[in-house]
Amino acid sequence: IIKNYLDKNFLAYQLDLSKRENGLFLRKHKIFIPSTPSFIILSPEGNTWHVEIMGEELNSVAGILKTLQIGTDPKLRDAAKLVRYQQGERQPDLLLSTAFYTRVTMDTTQNIAIVNEYAKAESPENYGSELNFLLIQKAMLDSDNPIFSYFINHLPAYFAKYDSAMVKQMAENTLMSSIFASRARKYSPERIQSIKNDLAQLGIPAKQIAMRFIVLEVLIDLDQAETTKAVTRINNFYEGKPIPEKEKAFWCKQLTRKGDTSSTCPLP
């Protein structure tokens, strides 16, 4: 039934994500697939109309047909919902749909704006809802919003309801997305410490947390022209032990990047 529908309405392909060329295809179209099976529906011109991650509720003949029909509907597909958001519509279900869509189409800036708008409109008593749990799991790229704050501060309640390993991974994914974003170099010391505290709540050892932050914190020091502070931070990180040659070369490049090529590396 599905094959007949596809043959009649689509040029259909199956992508094996273990093959490099398929990963390059998705990267070219700025599509992120967090899990399989998934359906990507492109326009005849190659624009991404709709992306559906097929959970248990959709992974059936009826569910797949419904997904394909929605994906080609000019009013219902994800791309159309994003246009409605851009035109000023702000219904909660629309915000959720566009949050998921901007996550899988790698539009980080718009994703964060949409998630924040949704979080501000949501009632605090609903922060712990199953729908908001799904939002964190599938769409949230930044930890700086009240729904994530509720989530990270009520972990025991989530552990009791969901698989604890999955809950921890969800929280870690959002926190690490916050760290590795280009905007992280503008974070205040308080924001950085808050993320460190949240990672510690997940049981991540202090040394591992320091390892995840050292590059970011050194780059922030250098952005603020505080080279001495950056050198001290690096030396403290290695606890007085010799810095491995490749790592030292990396740090020296960062520490001298604003000087001339003959600048002396300040590391011992």
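This is a guided tour of a predicted model, stop by stop, with what to select and what is there.

Residues are numbered from 1 along each chain as its sequence is written, and side-chain values use heavy atoms, with hydrogens and water left out. Local features need pLDDT of at least 70 and side-chain atom pairs count only at pLDDT 80 or more, while totals for chains, interfaces and linings use all residues.

**Stop 1: the aromatic pairs**

A search of the whole structure finds 10 aromatic pairs, where rings of Phe, Tyr and Trp (its six-membered ring) pair if their centres lie within 6.5 Å, and planes under 30 degrees apart count as stacked, over 60 as edge-to-face and the rest as tilted. Select F133 and Y158, a stacked pair with 5.9 Å centre to centre and 15° between the planes. This pair links distant parts of the chain, since F133 belongs to helix α7 (residues 130–138) and Y158 to helix α9 (residues 155–161), 25 residues apart; helices (H or I, at least four residues) and strands (E, at least two) are DSSP runs, numbered from the N terminus. F133 counts as buried at 4% relative accessibility, and Y158 is buried with a relative accessible area of 4%, where buried means under 20% relative accessible area, exposed over 50% and partly exposed in between (1.4 Å probe, protein chains only).

Next select F148 and F151, whose ring centres are 5.7 Å apart with the planes at 55°, so that this pair is tilted. Both residues lie in helix α8 (residues 146–153), 3 residues apart, which is about one turn of the helix. F148 counts as buried at 0% relative accessibility, and F151 likewise counts as buried at 0%.

**Stop 2: helix α7 and its cover**

Colour the buried residues of α7, which are N132, F133, L135 and I136. Seen down the axis of α7, these buried residues fall within an arc of 155°, taken from the directions from the helix axis to the C-beta atoms, so they line one face of the helix. What covers them includes α5 (92–104), α6 (108–121), α8, α9 and α10 (164–180).

**Stop 3: the nonpolar cores**

A nonpolar core is a set of buried Ala, Val, Leu, Ile, Met, Phe, Trp, Tyr and Cys residues joined through side-chain atoms within 4.5 Å. The largest one has 42 residues, of which L135, I147, F148, F151, L199, L202 and F213 touch the most other members. Helix α10 gives the most to this core, with 6 residues. Centre the view on L199, which touches E172, L175, M176, I179, I204, I209, R212 and F213, not counting residues up to four places away in sequence; contact here means heavy atoms within 4.5 Å.

**Stop 4: charges over rings**

A charge sits over a ring if NZ of Lys or CZ of Arg is within 6 Å of the ring centre and within 35 degrees of the ring normal. Select K196 together with F213, and you will find the charged end of K196 over the ring of F213, 5.3 Å from its centre. For another case, select R191, which lies over the face of Y187 at 4.3 Å from the ring centre.

**Stop 5: the disulfide**

The structure holds 1 disulfide, that is, a pair of cysteine sulfur atoms within 2.5 Å. Select C252 and C265, which form this bond with their sulfur atoms 2.0 Å apart. The torsion about their S-S bond is about -75°, so the disulfide is left-handed. C252 lies in helix α14 (residues 245–255) and C265 in the segment after α14, 13 residues apart. C252 is buried, with a relative accessible area of 14%, whereas C265 is partly exposed, at 22%.

**Stop 6: backbone details in the loops**

Move to the loop between α2 and β1 (38–42), where P37 is placed, and note that the peptide bond from T36 to P37 is cis, with omega near 0°. K30 also has its place in the loop between α2 and β1; K30 has a positive phi of about 55° although it is not a glycine, and K30 is exposed, with a relative accessible area of 54%. Finish at A225, in the loop between α12 (206–223) and α13 (227–237), where the phi of A225 is positive, at about 60°, although this residue is not a glycine. A225 is exposed, with a relative accessible area of 64%.
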